[in-house]
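Here is a walk through one chain, from its overall layout to a few side-chain pairings. Have the viewer open and follow along.

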Amino acid sequence: YYLVSLREPGEGERREFVRADVPMQLRLRDDALSPWRIVVGRVDLSAAGFRVVAVDRPPGASTIEVEFRSPEGGPSVQAVATVIRATELTGGQIDLACQFVQLGSADESRLVDIVFAARELALRLRLGIASATSTTER
């Protein structure tokens with residue numbers, strides 16, 4: 001699942017995992033005692049981390065618990081992630097970028113499956129052999 005480039009990456013080009021823009025529901029919280037905050041939308045997802053636009057910044061947390069739920073169902077993916085960047089956007093939303101620090105191998109495999117299914121669907125849409133309502137899961 002690693003990509004190897006033939007040239008040295010330029011500034012901001014370092015990617016070791018394949019990424020995809022995936023529609024899903026996220027639940028985020030600072031710790032086991034905090035309430036879950038739900039984010040529904042598109043997630044820039046890989047087996048290394050994720051980026052999502054959220055309504056609020058995790059209050060002072062550098063590490064958060066996260067649970068991914070695909071709109072099509074299936075088992076959820078649970079992980080612990082470090083907040084790498086939280087940038088305020090216009091309208092009060094936050095561009096939140098996180099890197100996984102705890103992710104079980106089964107959960108990592110599930111994320112990889114979700115990413116590759118989303119990339120396959122995007123390719124099929126570009127080629128005109130799938131509809132926009134097709135599922136991102138196999």
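## Ground rules

A residue counts as buried under 20% relative accessible area, as exposed over 50%, and as partly exposed in between, using a 1.4 Å probe and protein chains only. Asp21, at 45% relative accessibility, therefore lands in the partly exposed class.

This is a predicted model, so local features need pLDDT of at least 70 and side-chain atom pairs count only at pLDDT 80 or more, while totals for chains, interfaces and linings use all residues. Residues are numbered from 1 along each chain as its sequence is written, and side-chain values use heavy atoms, with hydrogens and water left out.

## The overall layout

The chain holds one helix and six strands, where helices (H or I, at least four residues) and strands (E, at least two) are DSSP runs numbered from the N terminus. Going along the sequence, the pattern reads β-β-β-β-β-β-α.

Of the 138 residues, 36% count as buried. The accessible surface comes to about 8600 Å², and 51% of that belongs to carbon and sulfur atoms; these areas come from the Shrake-Rupley method with a 1.4 Å probe, and for residues only the protein chains shown count as cover. Take contacts (heavy atoms within 4.5 Å) between residues at least 6 apart in sequence: 49% of them join residues at least 24 apart.

## Helix 1 and what covers it

Helix 1 covers residues 105-127, 23 residues in total.

Which residues of helix 1 are buried? They are Arg110, Leu111, Val112, Ile114, Val115, Ala117, Ala118 and Leu121. An α-helix has 3.6 residues a turn, so residues three or four places apart point the same way. The cover over the buried residues of helix 1 includes strand 1 (20-29), strand 2 (37-45), strand 4 (63-69), strand 5 (77-88) and strand 6 (94-102).

Leu123 also lies in helix 1, but at 44% relative accessibility Leu123 is partly exposed. Together with Leu127 and Ile129, Leu123 forms a nonpolar surface patch with about 300 Å² of accessible area. Patches are made of residues with over 30% relative accessible area and no salt bridge, joining like charges within 9 Å and nonpolar side chains (Val, Leu, Ile, Met, Phe, Trp, Tyr) within 5 Å.

## An aromatic cluster

Rings of Phe, Tyr and Trp (its six-membered ring) pair if their centres lie within 6.5 Å; planes under 30 degrees apart are stacked, over 60 edge-to-face, and the rest tilted. By that rule there are three aromatic pairs. One of them is Phe50 with Phe68, edge-to-face at 5.3 Å centre to centre and 90 degrees between the planes. This pair links distant parts of the chain, with Phe50 in strand 3 (residues 49-54) and Phe68 in strand 4, 18 residues apart.

Phe50 also pairs with Phe100: the centres are 5.9 Å apart and the planes sit at 35 degrees, so the pair is tilted. Since Phe100 is in strand 6 and Phe50 in strand 3, the pair ties together parts 50 residues apart in sequence. Phe50 and Phe68 are buried, and Phe100 is buried too. Phe50, Phe68 and Phe100 make up one aromatic cluster.

## Salt bridges

A salt bridge is a side-chain nitrogen of Lys or Arg within 4 Å of a carboxyl oxygen of Asp or Glu, and the count comes to seven. In one of them, Arg42 meets Asp21 at 2.8 Å, N to O. Arg42 is in strand 2 and Asp21 in strand 1, 21 residues apart. Arg42 is partly exposed at 47% relative accessibility. Beyond its neighbours within four places in sequence, Arg42 contacts Asp21, Val22, Pro23, Arg51 and Val52.

Arg51 has a salt bridge with Asp95 (3.0 Å, N to O). Asp95 lies in strand 6 and Arg51 in strand 3, so parts 44 residues apart in sequence are tied together. Asp95 is buried at 11% relative accessibility, whereas Arg51 is partly exposed at 36%.

Arg69 bridges to Glu67, with the closest N and O atoms 2.8 Å apart. Shared partners join Arg27, Glu67 and Arg69 into one network. Glu67 is buried at 4% relative accessibility, while Arg69 is partly exposed at 36%.

Technical notes
Expected span 1.5 Å × (residues − 1).
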